Amino acid sequence: EASMEQVAARAEVGVGTLYRRFPTKADLCTAVVEAATDRTCQIAREVLAEVAPGDAVFEFARRCMDAPSSWRAATSKRLWSGGGADRALDALMPLIWPILEASQRAGTIRSDIVPTDLVVTLMSVRAISDLCDTDAPGASRRFLHFALDGLRPEHKTPDQPPMSVKQLGRVLTER
């Protein structure tokens, strides 16, 4: 929602510099979504390569929250216009599935959890972070702990079905 002038000031560059790199606000938003998607894909690849299967979902979530640019984009509808949601989901889902399946095989994540559940969990924690962490540092970490705990096998399956990737795409673009 910030103006290009506010973005330039926050980035500590001149407005002309910002407009040379991003002629329109839509160009800037596209770049933000692409950078967030790339960073999240990199986190997923690192987790797949480095983390024990039983810890994979939990570590993926923690690393995503430690890289605020990766999930801040998820809480702003404006950033997802122009097909960004479809491109992001197409890139992320093939990486999130194996992380999730590894943890499920290891018995640390419930079998009814699907990738969209994990994405919505991260979006929720990001929103808590944006709302609370300035005044209550660590509030989002506490909420992340509670949210991740709910993914463990000892919890009851919800009555509601999980969100589909198509529904998540609509949520991102039609808020």
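The legends below describe close-up views of a predicted model. Residues are numbered from 1 along each chain as its sequence is written, and side-chain values use heavy atoms, with hydrogens and water left out. In this predicted model, local features need pLDDT of at least 70 and side-chain atom pairs count only at pLDDT 80 or more, while totals for chains, interfaces and linings use all residues.

**View 1**
The structure holds zero disulfides, a disulfide being a pair of cysteine sulfur atoms within 2.5 Å. Cys 41 is in no disulfide, and the nearest cysteine sulfur, at 9.7 Å, belongs to Cys 64. Cys 64 is likewise in no disulfide, its nearest cysteine sulfur being that of Cys 41. Cys 41 is buried, with a relative accessible area of 6%. Cys 64 is buried as well, at 0%. Here buried means under 20% relative accessible area, exposed over 50%, and partly exposed in between, with a 1.4 Å probe and protein chains only.

Side chains of opposite charge can pair when their charged atoms come close. Arg 62 forms a salt bridge with Glu 59, with the closest N and O atoms 3.6 Å apart. Because Arg 62 and Glu 59 are three residues apart in helix H4 (residues 56–66), about one helical turn separates them. Helices (H or I, at least four residues) and strands (E, at least two) are DSSP runs, numbered from the N terminus. Arg 63 also meets Glu 59 in a salt bridge, at 2.8 Å from N to O. Arg 63 and Glu 59 lie four residues apart in H4, about one turn of the helix. Glu 59 is partly exposed, with a relative accessible area of 21%. Arg 62 is partly exposed at 35%, and Arg 63 is partly exposed at 22%.

Arg 110 forms a salt bridge with Asp 112, the closest N and O atoms being 2.9 Å apart. Arg 110 counts as buried, at 8% relative accessibility, whereas Asp 112 counts as partly exposed, at 22%. Elsewhere, salt bridges that share partners join Glu 46, Glu 50, Glu 59, Arg 62 and Arg 63 into one network.

**View 1. Helix H3 against helix H6.**
The axes of helix H3 (residues 25–50) and helix H6 (residues 84–105) come within 9 Å and cross at roughly 10°. Axes are lines fitted to C-alpha atoms, for helices over the stretch in contact, and angles run from 0 to 180 degrees between N-to-C directions. H3 and H6 are therefore roughly parallel to each other. Angles under 35 degrees count as roughly parallel, over 145 as roughly antiparallel, 65 to 115 as roughly perpendicular and the rest as oblique. Residues of H3 that meet H6 include Thr 30, Val 33, Cys 41, Ala 44 and Leu 48. On the H6 side, the residues include Gly 84, Ala 88, Leu 92, Leu 95 and Ile 99. The residues of this contact divide into eleven nonpolar, four polar and two charged. Ala, Val, Leu, Ile, Met, Phe, Trp, Tyr, Cys and Pro count as nonpolar, Asp, Glu, Lys and Arg as charged, and the others, Gly among them, as polar.

**View 2. Leu 95 in helix H6.**
Leu 95 lies in helix H6 and is buried, with a relative accessible area of 15%. Leaving aside neighbours within four places in sequence, Leu 95 is in contact with Cys 41, Ala 44, Arg 45 and Leu 48. Contact means heavy atoms within 4.5 Å. Leu 95 and Thr 30 are 65 residues apart in sequence and 21 Å apart in space, C-alpha to C-alpha.

**View 3. Leu 151 in a loop.**
Leu 151 is found in the loop between helix H8 (139–149) and helix H9 (165–173), and at 6% relative accessibility counts as buried. Beyond its neighbours within four places in sequence, Leu 151 is in contact with Val 57, Thr 108, Ile 109, Arg 110, Ile 113 and Leu 118.

**View 4. Glu 12 in a loop.**
Glu 12 sits in the loop between helix H1 (4–11) and helix H2 (15–21). Phi of Glu 12 is near 60°, a positive value in a residue other than glycine. Most residues other than glycine have a negative phi. Glu 12 counts as exposed, at 73% relative accessibility.

Definitions and conventions. Salt bridge = Lys/Arg side-chain N within 4 Å of Asp/Glu carboxyl O.
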